[in-house]
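Please look at the sequence and the model before reading on. The paragraphs below go with them.

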Amino acid sequence: MKRSYEAARERLYALQQFGIHLGLETISSLLSELGNPQERFPVLHVAGTNGKGSVAAIAASVLQAAGIRVGLYTSPHLLDFRERIQVRGTCIPENRVVELFDRIQTLPSFAVPPTFFEVATAMAFQYFAEERVDIAVMEVGLGGRFDATNVCRSIGTVVTNVSFDHEKYLGSSLEAIAFEKAGILKRNVPLVMGPVESSVDGVVREQARQKQVRTFTFGSEFLSVSHPSGAFDFIGMRHNYVNLRCALKGEHQTINAACALAVLEDGVMPLTSIPERAVRQGLEQVSWPGRLERLRRHPLTLCDGAHNPAAAECLKIFLQRNVSEQPERRLILVVGMMQDKNLSAFLHTVAPLAAVVILTQIHSPRAAAVHALKEALPVMDRPVYERDAPEAAMDLAACLAREHDLICVTGSLFLVGHVKSLMTGNAYEPVLG
């Protein structure tokens with residue numbers, strides 16, 4: 001079966017040749033041939049520029065702690081395709097990947113060949129239906145309006161935030177990007193919205209008005225209040241919880257946790273009970289790899305998949321606090337990015353914090369070259385090193401770091417996945433969809 005899984009996985013990855021196709025016609029046709037599995041369970045649907053994966057993971061963790069049979073669909077994966085499709089915290093088995101992919105491959109041909117992401121999404125819908133999940137939490141892949149996940153039967157939606165990313169597909173203004181993300185709204189299905197700019201708020205609220213959607217906004221209908229201890233309080237529409245602790249690191253994760261609790265409060269709790277015990281347990285046990293994840297203690301080595309300006313700001317806040325707490329600690333920054341990202345904005349935000357910067361190139365045709373990263377750097381009076389491969393970059397970081405220093409690997413989830421594989425010894429399955 002291992003060989004069969006590897007063969008199916010390689011054929012699945014080969015679908016990347018069809019690129020990114022935004023539209024619902026192909027995924028709708030594909031699911032129709034499968035008997036419309038997406039109609040057989042309710043969904044919490046999560047969109048946003050940053051934080052949508054964290055919100056999805058937190059919501060699924062709380063649901064699981066409440067004893068609810070929950071499916072979780074996220075992207076991209078870090079090490080293994082099976083990470084994308086989980087039921088009750090367990091990745092889809094290899095034999096089910098083979099079965100589902102083979103079934104889809106036998107379907108009639110379509111006018112537009114399905115992309116990698118469309119097939120993966122169809123596999124998730126079918127698997128969740130066969131596993132009889134009570135509810136699924138599904139993260140949007142790109143945008144929202146024309147994302148393959150947007151054929152789901154949602155009972156609650158989230159737009160975590162709106163900032164610049166994927167402008168080639170979503171538009172060059174925040175208002176245009178907001179319109180695409182607001183495309184996941186369904187008539188009479190409540191919307192939870194994270195902190196957004198006023199122009200974005202106006203776009204999303206107009207779409208909500210047209211679809212008769214009740215909107216609950218962070219800082220207005222619900223909020224989180226952080227404590228110096230790292231705990232936080234949640235003040236919601238129906239419930240208040242004090243001294244909550246989230247396993248995910250960073251101040252921004254308290255906002256993500258609040259969005260997750262808010263959509264559970266309005267989308268799920270009217271239908272089924274989620275006790276406070278489950279809320280606390282789900283937050284304390286949630287895992288979302290590659291987001292301020294600790295890979296090693298000495299020297300402290302963290303990886304974070306931040307790759308756009310807004311995420312860089314969140315990472316900056318965390319790193320500033322972490323380094324300032326130990327004055328003798330130096331930050332060694334290992335950065336690799338994709339060429340379609342805003343290299344300059346990202347590097348101008350995080351690089352000045354570092355005592356040493358190591359630039360590297362991800363193993364991908366879409367990767368930014370090291371010299372492009374170097375050109376995007378701000379003028380710095382500290383060492384900047386260039387290494388053509390992540391392996392060499394991490395070897396150098398290990399040589400330069402003292403025991404109490406902090407090594408942070410960032411700029412792309414694909415770099416994070418590669419470095420995790422190096423440090424854990426697990427196989428790495430790079431895929432860009």
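The model is predicted, so local features are given only at pLDDT of at least 70 and side-chain atom pairs only at pLDDT 80 or more, while totals for chains, interfaces and linings use all residues. Residues are numbered from 1 along each chain as its sequence is written, and side-chain values use heavy atoms, with hydrogens and water left out.

We start with the sheet. Helices (H or I, at least four residues) and strands (E, at least two) are DSSP runs, numbered from the N terminus. Six strands form an open sheet in the order 12-13-17-14-15-16, with mixed pairing. Strand 12 and strand 16 stand at the edges with a single partner strand each, so one side of each has no neighbour in the sheet. From one strand to the next, the twist averages 20°. Two strands count as paired if DSSP finds at least two bridges between them. Strand 13 and strand 17 run parallel and are joined by five bridges. Thr301 stands opposite Ile407 in strand 17. In general, strands of a sheet pair through backbone hydrogen bonds, either parallel or antiparallel.

Next come the helices that lie across these strands. Angles here run from 0 to 180 degrees between N-to-C directions, and axes are lines fitted to C-alpha atoms, for helices over the stretch in contact (heavy atoms within 4.5 Å). Helix 11 (residues 309-324) lies across strand 13, strand 14 and strand 17, at about 175° to strand 17. Helix 14 lies across strand 13, strand 14, strand 15, strand 16 and strand 17, at about 165° to strand 15.

Which residues of helix 14 are buried? Buried means under 20% relative accessible area, exposed over 50%, and partly exposed in between (1.4 Å probe, protein chains only). In helix 14 (residues 390-400), the buried residues are Pro390, Ala393, Met394, Leu396 and Ala397. They cover an arc of only 160° around the axis, which puts them on the same side of helix 14; the arc is that of the directions from the helix axis to the C-beta atoms. The buried residues of helix 14 pack against several elements, including strand 15 and helix 15. On the other side of helix 14, Asp395 and Cys399 are exposed.

Now the side chains that carry charges. A salt bridge is a side-chain nitrogen of Lys or Arg within 4 Å of a carboxyl oxygen of Asp or Glu. The whole structure has 23 of these salt bridges. One joins Glu293 and Lys420, whose closest N and O atoms are 3.0 Å apart. Glu293 lies in strand 12 (residues 293-296) and Lys420 in helix 15 (residues 413-424), so the pair ties together parts that are 127 residues apart in sequence. Both Glu293 and Lys420 are buried. Another salt bridge joins Arg205 and Asp201, with 2.9 Å between the closest N and O atoms. These two are four residues apart in helix 8 (residues 198-210), so about one helical turn separates Arg205 and Asp201. Arg205 is partly exposed at 34% relative accessible area, whereas Asp201 is buried at 18%.

How many disulfides does the structure hold? It holds zero disulfides, a disulfide being a pair of cysteine sulfur atoms within 2.5 Å. The sulfur of Cys314 is 12 Å from the closest cysteine sulfur, in Cys259, so the two are too far apart for a bond. Cys399 is in no disulfide either, as the nearest cysteine sulfur, that of Cys408, is 19 Å away.
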